[in-house]
Amino acid sequence: MLKAVAFQRRAFSMPATLRPTPSTSSTRQPIFSAEQKASSSPAHFYQNRTLDYYVEQRVTPITLRQLVFFGKRLNDERLIKSANYVRNELPVRLAHRIRDFQQLPFIVGSNPHIQLVYDLYWAAFEKFRKVPLIETKQQNQEYCDLLRTLLRDHLVVIPQLALGISECAQHIPAVHANHFMNTMLRSRISRRVITEQHLALSESSQDVDNDDAVVGTIFTKCNPTNIIEKCIALIETRLSGTEKCPPFNIDGSTGCGDFTYISEHIEYIVFQLLSNSVRHTLQFHKNNIAPPPVNITICSNDTDILIRISDQGGGMSPEAYRDLWSFTSQRRFKAFETIPQMAARIAEEEEIPWSWQGQEDQHLGIGLPMSKVYSEYWGGELKVMSMEGFGTEAYIRIPRLGNQTENIDFEEADEVEYVPAWESDERHTIVRHSSILGQ
């Protein structure tokens with residue numbers, strides 16, 4: 001029997017103020033030695049003594065408000081503290097995901113796509129854990145170079161995970177496969193958020209012409225109407241000269257106030273929903289001279305921004321609706337065989353081929369599941385309702401206060417047990433418990 005074990009994690013020694021860990025040596029040295037720069041093969045699958053030390057440590061989550069407060073008062077001391085926070089967090093966050101790989105059934109972990117990502121994670125973990133305390137701006141610059149390199153190398157992670165887990169669908173229950181993918185993608189966002197925030201702060205520390213509304217990767221004047229109009233403009237540009245674009249109606253509280261968020265996250269969600277609405281509307285009304293509009297409604301309250309996107313694209317069949325958030329469809333992710341890298345950002349849409357003229361379109365199939373992960377990461381949510389034969393409505397809720405801690409763990413199936421079919425009539429069981437850090 002293969003069993004996923006819930007490991008007890010002891011408190012991590014990094015306070016919320018991003019204070020660096022005390023140095024173990026008073027001698028300052030280059031951040032990377034020649035030996036550390038050399039690539040090394042991942043440790044054997046079961047050589048986990050080093051990994052266990054990091055798995056037992058607790059992740060230190062942050063909020064958007066903390067990142068903004070810290071970044072607005074940036075100086076050299078704070079920049080070094082930021083570097084050491086990232087330096088301490090990345091190996092811990094990676095270690096938990098490496099352990100998740102090791103808890104997969106052997107036949108799944110042996111899939112070449114899954115194995116590639118596992119090897120990438122282990123190699124990155126080995127590099128990160130060997131980084132010494134950062135004490136100077138020069139050492140920070142060397143660390144930033146490492147971060148940029150690994151961010152670039154890990155662009156293959158989403159396509160490889162999607163291909164691997166879909167190829168193994170017959171070897172793992174769908175609930176476990178989806179839990180694994182949601183956990184991996186959410187953790188990936190968490191690592192990229194703190195990494196890219198530190199890189200942006202490091203770059204802004206050398207720029208005298210900083211925009212006060214931009215704090216690292218965070219935009220303090222996000223406006224839902226502006227984001228929606230940006231996504232519409234991209235869709236209309238892509239369709240120009242090929243097909244008629246359905247009209248877009250924006251109503252509701254279009255003048256609601258600005259809020260603080262990572263605008264790229266919202267742009268990705270809105271673009272995926274709007275592009276799906278446009279694609280299905282054009283396909284469902286391909287014989288109509290004038291397709292019906294896509295309606296977008298904006299409203300807000302004291303704590304949230306809410307967006308509804310409604311279309312008349314024919315809705316979804318019960319089978320399609322059931323698998324809306326699933327990662328276990330081989331056919332769904334087939335396009336990744338020709339698109340080897342993905343950062344899950346709206347800028348990539350300019351390079352991905354569109355084909356909305358009634359035949360099999362070449363979209364990647366991961367847009368909606370990835371949008372759900374993005375929406376829930378800072379405490380929001382994404383809901384989709386379908387009326388087969390008529391259309392679909394999607395609802396986005398985005399927290400506007402910035403006081404939600406990042407949701408790193410996926411809670412639907414925190415502790416799972418794999419039971420062979422010959423041992424039980426039930427293919428799997430799920431034990432639920434709260435994964436809120438510190439509780």
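The protein exposes about 20900 Å², of which carbon and sulfur atoms supply 49%; accessible areas come from the Shrake-Rupley method with a 1.4 Å probe, and for residues only the protein chains shown count as cover. The model is predicted, so local features need pLDDT of at least 70 and side-chain atom pairs count only at pLDDT 80 or more, while totals for chains, interfaces and linings use all residues. Residues are numbered from 1 along each chain as its sequence is written, and side-chain values use heavy atoms, with hydrogens and water left out.

Begin with the whole chain. Of its 439 residues, 51% count as buried; buried means under 20% relative accessible area, exposed over 50%, and partly exposed in between (1.4 Å probe, protein chains only). The secondary structure comes to 13 helices and 10 strands, which are DSSP runs numbered from the N terminus (helices H or I, at least four residues; strands E, at least two).

Next, select the open sheet. Five strands form it in the order E3-E5-E6-E8-E7, with mixed pairing; two strands pair if DSSP finds at least two bridges between them. At the edges stand strand E3 (248-252) and E7, each pairing on one side only. Within the sheet, strand E5 (residues 294-300) and strand E6 (residues 304-311) are antiparallel over six bridges. Thr297 can be found opposite Arg308 in E6.

Select Cys231, which lies in helix H10 (residues 224-239). Cys231 counts as buried because its relative accessibility is 0%. Leaving aside residues up to four places away in sequence, Cys231 touches Glu267, Val270, Phe271, Leu274 and Ile346. Ser275 is 44 residues from Cys231 in sequence, yet their C-alpha atoms are 8.7 Å apart in space.

Display helix H11 as well: H11 lies across E3, E5, E6, E7 and strand E8 (391-399), running at about 15° to E6.

Move to helix H13 (residues 367-377), where 11 of 11 residues are buried. The elements covering them include helix H4 (76-102), helix H9 (174-204) and helix H11 (263-284). After H13 comes Gly379, whose phi is positive, near 90°.

Finally, select Tyr321 in helix H12 (residues 318-322). Tyr321 is partly exposed, with a relative accessible area of 35%.

Technical notes. Contact means heavy atoms within 4.5 Å. Axes are lines fitted to C-alpha atoms, for helices over the stretch in contact, and angles run from 0 to 180 degrees between N-to-C directions.
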